[in-house]
Amino acid sequence: CVFVMDPDGIMRAMIYYPLTTGRNMDEIMRLIDALQAHDKHKIATPANWRPGEDVIVPPPGTQDAAEKRMQEGYECKDWYFCKKKL
């Protein structure tokens, strides 16, 4: 198992592999990049995300925030699912 710990000693992710299967270092580095992007920008990353690609913005909590979001230049599928560039 690969454990990813943050500087505060909190386990942020675990990836389980069979003993007979090698670890994918590219995926481990992608995971660390995604966790760091989340910590810095409070966003989510889609599957297979790489630094420089669009990220997912958390959904708005109010009607006013939803209306404001639609004017902020995000790529929105709907009021609750929007992406942006970092």
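Glu27 is partly exposed, with 25% relative accessible area (buried means under 20%, exposed over 50%, partly exposed in between; 1.4 Å probe, protein chains only). The model is predicted: local features need pLDDT of at least 70, side-chain atom pairs count only at pLDDT 80 or more, and totals for chains, interfaces and linings use all residues. Residues are numbered from 1 along each chain as its sequence is written, and side-chain values use heavy atoms, with hydrogens and water left out.

Glu27 pairs with Arg30 in a salt bridge, with the closest N and O atoms 2.8 Å apart. A salt bridge here is a side-chain nitrogen of Lys or Arg within 4 Å of a carboxyl oxygen of Asp or Glu. The two residues are three apart in helix α1, so about one helical turn separates them. Helices (H or I, at least four residues) and strands (E, at least two) are DSSP runs, numbered from the N terminus. Helix α1 spans residues 25-41 and contains Arg30. Arg30 is buried, at 13% relative accessibility. Beyond four places in sequence, Arg30 touches Pro46, Asn48, Trp49 and Arg50 (contact means heavy atoms within 4.5 Å).

Six salt bridges are found in the whole structure. One of them joins Lys85 to Asp54, the closest N and O atoms being 2.9 Å apart. This pair links distant parts of the chain, 31 residues apart: Lys85 is in the segment after β5 (81-84), and Asp54 is in the loop between α1 and β3 (55-57). Lys85 is exposed at 63% relative accessibility, whereas Asp54 is buried at 19%.

Lys68 and Glu72 also form a salt bridge, at 3.8 Å from N to O. Lys68 is exposed, at 54%. Glu72 is partly exposed, at 37%.
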